[in-house]
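Me: I would like to learn how to read the features of a model one at a time, with the general idea given before the particular case.

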Amino acid sequence: GASQGFTYNSNSRTFNATMNLREGTNTIVVTANTNCGSDSKTVSVVYTKSCPTPVVTITSPRNGLNSTSTSVSFTGRITNLQNSSQVVLKLNGASVNKSYNQTTGIVTATLNLQQGGNTIELIGTNTCGTDAKTVSASYKCPLPTVNIASPNQGMRYTNATVNFEGFVSGVSSQNQISVTLNGSPISFRY
């Protein structure tokens with residue numbers, strides 16, 4: 001190999017040098033020569049480049065989320081990656097579309113939850129390793145609620161025409177409501 005520069009202190013009989021190792025095994029040989037002879041010592045060291053593994057965090061949804069909406073926003077972050085092909089986002093074991101910002105490491109997606117429990121997993125993989133984090137989120141389809149404002153139960157009328165009013169929550173359109181009088185559908189406004 002090539003000679004390296006070093007400093008020698010004759011008073012303390014010590015030497016030192018700063019060396020730039022190459023990746024893999026490096027052999028260092030120190031030889032001392034005088035008129036009386038020589039001595040040589042050898043040491044081998046291995047240099048491996050630092051290779052940081054991915055670090056995954058999930059910021060939303062929070063673990064254990066109970067949602068009444070099928071659509072949930074996902075945000076996570078993965079450090080130590082080079083490109084989006086090293087990012088996998090899974091919902092219930094199936095890969096889903098996501099956006100990955102290589103500069104910030106932020107991963108975003110809109111997830112469509114299934115009724116009941118859902119598992120969300122974010123995985124980052126590079127040549128040095130893999131990291132993954134998992135959160136669970138549940139979706140419970142909200143039950144509709146019906147309240148009749150008038151007429152009140154048991155009321156008696158002498159007029160055949162009655163004003164009927166009520167409140168329905170948990171629906172998004174009139175098509176999800178039916179009103180009947182004595183088993184026959186009647187028209188109404190929602």
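Me: In which loop does Asn 97 lie?

Reply: Strands here are DSSP runs of E of at least two residues, and helices are runs of H or I of at least four, both numbered from the N terminus. Asn 97 lies in the loop between β9 (94-95) and β10 (99-100). Please keep in mind that this is a predicted model, in which local features need pLDDT of at least 70 and side-chain atom pairs count only at pLDDT 80 or more, while totals for chains, interfaces and linings use all residues. Residues are numbered from 1 along each chain as its sequence is written, and side-chain values use heavy atoms, with hydrogens and water left out.

Me: Is Asn 97 buried or exposed, and which residues does Asn 97 touch?

Reply: Buried means under 20% relative accessible area, exposed means over 50%, and partly exposed lies in between (1.4 Å probe, protein chains only). Asn 97 counts as exposed because its relative accessibility is 72%. A contact means heavy atoms within 4.5 Å, and, not counting residues up to four places away in sequence, Asn 97 touches Leu 89 and Ala 109.

Me: How should I read the backbone, and where is there a cis peptide bond at Pro 61?

Reply: Most residues other than glycine have a negative phi, and most peptide bonds are trans. A cis peptide bond with omega of about 5° joins Ser 60 and Pro 61, and Pro 61 is found in the loop between β5 and β6 (65-67). Ser 150 and Pro 151 are likewise joined by a cis peptide bond, with omega of about 5°, and Pro 151 lies in the loop between β14 (145-150) and β15 (165-169). As for phi, Arg 13 has a positive value of about 60° although it is not a glycine, and Arg 13 lies in the loop between β1 (7-9) and β2 (14-16).

Me: Which residues touch the most other members of the largest nonpolar core?

Reply: A nonpolar core is a set of buried Ala, Val, Leu, Ile, Met, Phe, Trp, Tyr and Cys residues joined through side-chain atoms within 4.5 Å. The largest has 20 residues, of which Phe 74, Ile 120 and Leu 122 touch the most other members. Strands that each supply at least two residues of this core include β7 (71-79) and β12 (116-126).

Me: How many helices and strands does the protein have, and why is it called more spread out than a compact globule?

Reply: The protein has zero helices and 17 strands. Its radius of gyration is 36 Å, well over the 16 Å that the globule rule gives for 190 residues, so the protein is more spread out than a compact globule. That radius is taken over C-alpha atoms, and the rule is 2.2 Å times the number of residues to the power 0.38.
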